[in-house]
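Please look over the structure below before reading on. My notes follow as numbered points.

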Amino acid sequence: MINIQQLYKTYRTGNIETKVLRGIDLHIADGEFIAIMGRSGAGKSTLLYQISLLDEPTSGTITIDNKETSTLSNQDRIDMRLTTMGYIFQDYALIPELTAVENVMLPLIMQGQTKQAAYEKSVESLSEVGLKDKVDNLPSQLSGGEQQRVSVSRAIAHHPKILFADEPTANLDAESAKTVLDLLSQLHKERGQTTVMITHEEEYAKYTERIVRLSEGIISEDERLKK
Amino acid sequence: MIPSNLRVGFFLALRQLKRSNPWTTLLIICVMILTFLNLVVLSGILVGLIEGAVGAVREHYTGDVIITAPREKGFIENSPRVIQTVQSFPEVASFSARYTEMGTAEANYQTPGRDTDIPERVSTTFAGIDPASEDATTNIRELLVEGEYIDENDFDQVVIGALLLRKYLDFESELFVTLENVEIGDKIRVQIGETTREVTIKGIVKSKVDEIDRRIFFPQKQFRTLIGRNDFNVDEIAIKLVAGADPIVVKGGLIASGITADFAKVQTFEDAQPKFLQDMKQTFRLLGNIVSSLGLVVASITVFIVIFINALTRRKFIGILKGIGISGTAIEISYVFQSFFYAIIGSGVGVALVYGVLVPYFNAYPINFPFSDGILVAPIMEVMASAILLIIITVIAGYVPSRMIVRKNTLDSILGR
């Protein structure tokens with residue numbers, strides 16, 4: 001499904017060059033639930049941004065669904081993000097002036113669904129994450145855990161093939177974090193989508209099937225968990 | 001099927017407008033309203049200032065159509081026949097046939113002075129009018145500021161224009177000779193041709209039309225005798241038309257009826273306008289346009305700044321929207337819709353204010369300029385053109401900054417880099 005070869009990412013600020021990824025080779029199979037771990041600055045988020053097409057690598061190749069991503073046009077990348085991928089950000093990243101259901105509806109309308117169909121699907125998706133009663137709440141009227149569940153709902157409403165989660169529990173208390181991870185785990189079991197999650201917590205990484213550890217821009221360990 | 005970009009753009013715009021700070025929205029709309037008024041009202045008043053002067057000349061002097069003597073002739077030949085023709089037109093509501101003659105008026109001549117004193121004398125135009133017809137045509141009676149109006153049987157009684165009297169003139173000029181210490185009931189000595197008479201001031205008229213304010217009006221009956229005009233040939237005929245009648249049509253009709261250039265000149269009130277008035281109208285329109293253009297630039301900069309700041313503070317969310325697959329075009333469209341909304345509401349309220357409040361107000365209470373009663377001229381086509389112009393400029397001013405922000409790198413926007 002996702003094949004990464006010799007991936008390098010270097011940032012330049014003036015004359016200063018920062019090599020963040022230094023030759024990553026990684027294969028993620030269809031339906032795999034994978035955790036990427038590592039210390040701060042190890043390159044976890046940078047790797048996720050490259051795979052999720054939010055950024056472009058300095059060199060190397062990423063192949064998703066047999067498509068070499070460097071050959072995609074900007075519009076193709078946007079389309080792929082819209083239809084094939086789902087995103088859960090660390091800080092929920094909800095649009096403040098949209099209600100929970102509207103936040104979820106937006107990508108569905110962009111995909112061409114009617115407003116009514118998008119609404120129904122969004123309510124269904126919010127129900128799946130236990131927020132049926134709060135569909136009309138604005139993000140400011142929801143707790144952090146609830147906002148992250150809206151974010152999950154938005155990411156999965158269109159049934160993406162790949163789900164990216166960038167430290168989805170970083171801003172949550174233990175109880176809310178567990179709720180979100182249970183949710184991701186359950187969704188993975190039910191839908192079988194490929195899920196790539198960044199986390200700092202060993203405890204949370206155990207929800208996945210495989211842990212890839214990064215250190216100074218390279219993969220230092222690739223461990224498959226026995227379930 | 002409406003494209004997704006448009007639907008998402010509208011979806012976002014509507015919610016951003018609905019849930020944005022109402023004071024910010026109100027402020028932007030106020031800027032739009034003021035800009036629109038600046039566009040329409042300023043040039044409208046500048047043009048209205050001249051239009052007021054033109055209107056006054058039309059109302060109090062020329063009427064809608066005026067027939068005058070050709071330059072080379074002293075009077076309108078065959079005036080009775082011309083008057084008969086004028087009367088035959090159903091569009092004619094009333095008319096005033098006037099005899100005019102140049103002459104002098106002298107005041108305070110009874111007070112003994114030194115031999116070297118220059119007599120207090122003004123050159124002016126005398127008009128012999130039928131008081132009733134003149135009033136019906138030019139509402140001269142309402143221009144009386146002192147005394148009474150003349151009657152057709154009055155003898156040696158006149159109505160004098162205010163600009164011939166020192167007390168009504170705000171300035172002193174060697175070129176603008178006036179009569180001093182002349183009050184109602186005082187006698188002045190007039191000389192028309194070889195005839196000299198002593199007449200009593202019965203009334204004083206004051207308008208903002210020099211032709212009225214520098215004239216002395218006699219009842220027609222006496223005036224004809226005074227100037228020895230026994231053939232009933234008059235010098236000018238001011239014609240007032242019924243409401244809705246077109247002066248151009250009537251002018252054409254009069255000419256077609258035989259009132260040709262050989263013995264009379266037929267003009268609409270517009271033809272009879274002095275050229276300087278027409279030039280000033282164009283000049284003021286130009287000035288109004290220049291000032292309005294500056295207003296338009298200020299408005300577009302205001303909208304640009306507002307949308308730019310809005311988009312900049314929302315840059316992270318714009319990045320997220322792009323990140324989850326919302327196209328940049330849809331986000332830009334949302335800002336275009338918002339700008340369009342501001343412009344439509346601003347222009348709409350502006351149009352309502354112009355036609356619902358300002359035009360009726362200035363018609364009822366014209367601005368008292370020294371030479372005209374200024375009104376607000378706001379032709380519907382020009383007002384609509386201003387509204388459309390404001391909408392286009394605002395939409396562009398909203399689109400450009402949103403595009404600048406939307407084009408930034410998605411990840412940089414999300415991470416606030």
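**Notes on the predicted model**

1. Chain A holds an open sheet of 6 strands, ordered β6-β7-β8-β3-β9-β10, with mixed pairing. Its edge strands are β6 (85–88) and β10 (218–224) of chain A, each pairing on one side only. From one strand to the next, the twist averages 15°. Strands here are DSSP runs of E, at least two residues long, and helices are runs of H or I of at least four, both numbered from the N terminus. Strands pair if DSSP finds at least two bridges between them. Axes are lines fitted to C-alpha atoms, and angles run from 0 to 180 degrees between N-to-C directions.

2. Within chain A, β7 (residues 162–166) and β8 (residues 194–198) pair in the parallel sense over 5 bridges. Phe164(A) stands opposite Val196(A) in β8(A).

3. On the interface, 17 residues of chain B are in contact with 17 residues of chain A (C-beta atoms, placed from the backbone, within 7 Å). On the chain B side, α1 (4–19), α9 (315–323) and α12 (410–415) each supply at least two residues. α1(B) gives the most, with 7 residues.

4. Confidence: the complex has an ipTM of 0.91 and a pTM of 0.74 from the predictor.

5. Conventions: residues are numbered from 1 along each chain as its sequence is written, and chains are lettered from A and ligands numbered from 1 in the order written. As this is a predicted model, local features need pLDDT of at least 70 and side-chain atom pairs count only at pLDDT 80 or more, while totals for chains, interfaces and linings use all residues.

Methods. Two residues are in contact if their C-beta atoms, placed from the backbone, lie within 7 Å.
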